[in-house]
Every structure is written in structure tokens, then in C-alpha cells.
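Subject: Structure handover

Hello,

Here is the structure I said I would pass on. Please have it open while you read the notes under it.

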Amino acid sequence: MAACVSSSKIFLTLRGSLFASHRKTLLPAASLVQTWSPADSRRNASTHASNTESKNNETYCIDLVRTRDYEGFLCSLLLPAEARGSSFALRAFNVELAQIKDSVSQKTIGLMRMQFWKKTLEDIYNDDPPPQPVAIELWKAVNKHKLTKRWFSRIIEEREKDLNDRAYQNIQELESYAENVQSSLVYLMLEALGIKDVHADHAASHIGKAQGIVTCLRATPYNSSRRKVYLPMDICMLHSVSQEDFMRGSRETNVRNVIFDIASQAHVHLQHARSFNKSVPPKAAPAFMLTVGLEDYLDKVRKVDFDVFHPSLQKRNPLLPINLYIRSWKNTY
């Protein structure tokens, strides 16, 4: 009974600290008494409009991440208050780029949208962001944390190459894509936390690769329903599995063997990342909380014997937020 009470107190404390930054602060009445003038009224109106616009931009990013990257949303809540807003901006940026491929019918249109973000990136680093919510929040994050432009460029360039809409030739090509996109995003998260450490960078590289591989697996049912398969061709050929097998939603042993091999590679990267646990600065752990979601998916796919089309894999784990709180409390990934 005492243990249950203790756990409840820990959970409530963690929950309170996570959402403390969202509480409204009430000012003492005396502080509201001011000498009024028309100039003050105009200034206050301008300030109010600016604050409202800023809040709208923040809300847009938060809602976008909550809807399209739920695990990223939960992980962002676990970050210190000074980096939380920047995390939402970075993840919203990644979502904006990720959904280009699925939302365009022609590659040319996709290239035009990528060009917009290339130009936006230049404008951000010239302190002249366009009036777009994600761009403005990204500009604030770049200025606040002095984020490295190269990581943004790698994400855009790799997403642009991915518009070619073809399967990965081999697992190394998938890992390269994951490094340039997902690992670059984690590097930026580390910068937002003020972390510059070679061990943290090594861990981030492996976590990003694991993230990219798991994302590819997770998306397989959806992509197959659209008659698209992106899984590494070398592993498919090794087990005599065709793209048509995935398009038909086959659950045969050889199809499961393909998923087993790919999932195993993600697991290896996860283990490599955790091998740096004792060397990584404790302050870096919040940037690596996404490992909890990766581990959760890999565990679920193992329990269904690597049947990537099993309905349970498309459902959210209701215990994931609690697991994240506990891991955050332990400050380990």
C-alpha cells in the first residue's frame, strides 16, 4: 500500500513539473494599477496582438506534432521548459517536410514545396522568416539556441531525394536516409539542450537510425494499401519476397522473416545507443526519450511473430505516457 502511495506521489510530481510552464500566473492587483495614456493604449494593443500571434504560432506547432507525431509530442513534454517550445518547432518542421511526399500527386509539386523550405531556411538565418507558423517558431529556436544550419539542410535534401518514390536498395541505404533525417533531428534536439558531447552524438546517430528503420516498418501497412513498398530490396530478395506479397498483405513465413531481419537491425542500433548510457551527459537523456516508443513497437512486433500487418501494431499503447514519465524520472533512455 505504501509503495502504491509513493508511486502515485512520484507520478503527480512528474506530471506537475511537465505542465507547470502551461499554468497561468496571476499578477498582484497592485501591479495592475498604472497611469493611462493614449500612447500606452496603442502600445498595449500592439503588444497584445504580437503576443496573440506568437501564441497562435506555438499552438499551431503543438497541434501539428500532437496530430502527426504523437510520440514526438509526448517526448517534447518531457524536455526542460527552456527547450520545449523549440522541440515542438523542430518536430513540426520535420512533420511539414514528411507530409509533402504523401500530399502531392506529382514530383514537380513536391520539389516546389521543398524549394520553399530551402528558401525559408535561408531567410531564417538572415533573420527574415516568412509569415508561416512553423518558420517563425523555427526562427525563434535558431536564434535562442544557435542551431546548426547544416542539420536542417541535410533533412531537407534527404527528404527531397526521397521524393523519387522508390524502394531502398539495401538496409545501408535506409540507414543513410535515417541518419540524414532522424539523426539530424536528434542532433538539433541536443543543441537545444545545450549539449555538445561526442558520446551523445554517437548515441544520437544510432537512435536516429533505429527511428528511421522503425518508421519504415510502421508505415508498411499504409504504404502497401497504396501499392507502394519501400522496404530494403536486398532483404526481400534474400527471403524470396516480392513487392506484390506486401501489397497483398501476405502473412507468410518468408514475409515475416523480412520483417524480423529489418526489426533486428533497428534493435541493434537501439542497443548500440544504450551502450553509451554511462558516457552521455545526464542532461542529454531527455533528447533520447523516443527510444521508449521504439522499444515499445519492436516488442509488440516480436509478440505477434513479426506479422507487420497485425491490427494491434496500429494501436497506441495507453501505457506509453506513463512509461515515458517513469523513464524520464530515472533520467535514462
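Below is what was found, by region. Please keep in mind that this is a predicted model.

Helix 5

Helix 5 covers residues 107-125, which is 19 residues. At 1.5 Å a residue it should span 27 Å, and its end C-alpha atoms are 27 Å apart, so the two values agree. Its buried residues are G110, M114, W117, T120, L121, D123 and I124. The cover over these buried residues includes helix 4 (81-103), helix 6 (133-145) and helix 7 (149-161). Just after helix 5 comes D127, with a positive phi of about 60°.

Two further positive phi values

Most residues other than glycine have a negative phi. R227 is not a glycine, yet its phi is positive, at about 60°. R227 sits in the loop between helix 10 (220-225) and helix 11 (233-238). Its relative accessibility is 51%, and because exposed means over 50%, R227 counts as exposed.

F306 is also a residue other than glycine with a positive phi, near 60°. Its place is the loop between helix 14 (290-303) and helix 15. F306 has a relative accessible area of 14%, so it is buried, the cut-off being under 20%.

Surface patch

L319, I322, I326 and W329 make a nonpolar surface patch of about 390 Å². Of these, I326 lies in helix 15 (residues 320-330). I326 has 39% relative accessibility and therefore counts as partly exposed.

Regards

How values were computed:
Residues are numbered from 1 along each chain as its sequence is written. This is a predicted model: local features need pLDDT of at least 70, side-chain atom pairs count only at pLDDT 80 or more; totals for chains, interfaces and linings use all residues. Side-chain values use heavy atoms; hydrogens and water are left out. Helices (H or I, at least four residues) and strands (E, at least two) are DSSP runs, numbered from the N terminus. The expected span of a helix is 1.5 Å times one less than its number of residues. Buried means under 20% relative accessible area, exposed over 50%, partly exposed in between (1.4 Å probe, protein chains only). Contact means heavy atoms within 4.5 Å. Patches are made of residues with over 30% relative accessible area and no salt bridge: like charges are joined within 9 Å, nonpolar side chains (Val, Leu, Ile, Met, Phe, Trp, Tyr) within 5 Å. Accessible areas come from the Shrake-Rupley method with a 1.4 Å probe; for residues, only the protein chains shown count as cover. A salt bridge is a side-chain nitrogen of Lys or Arg within 4 Å of a carboxyl oxygen of Asp or Glu.
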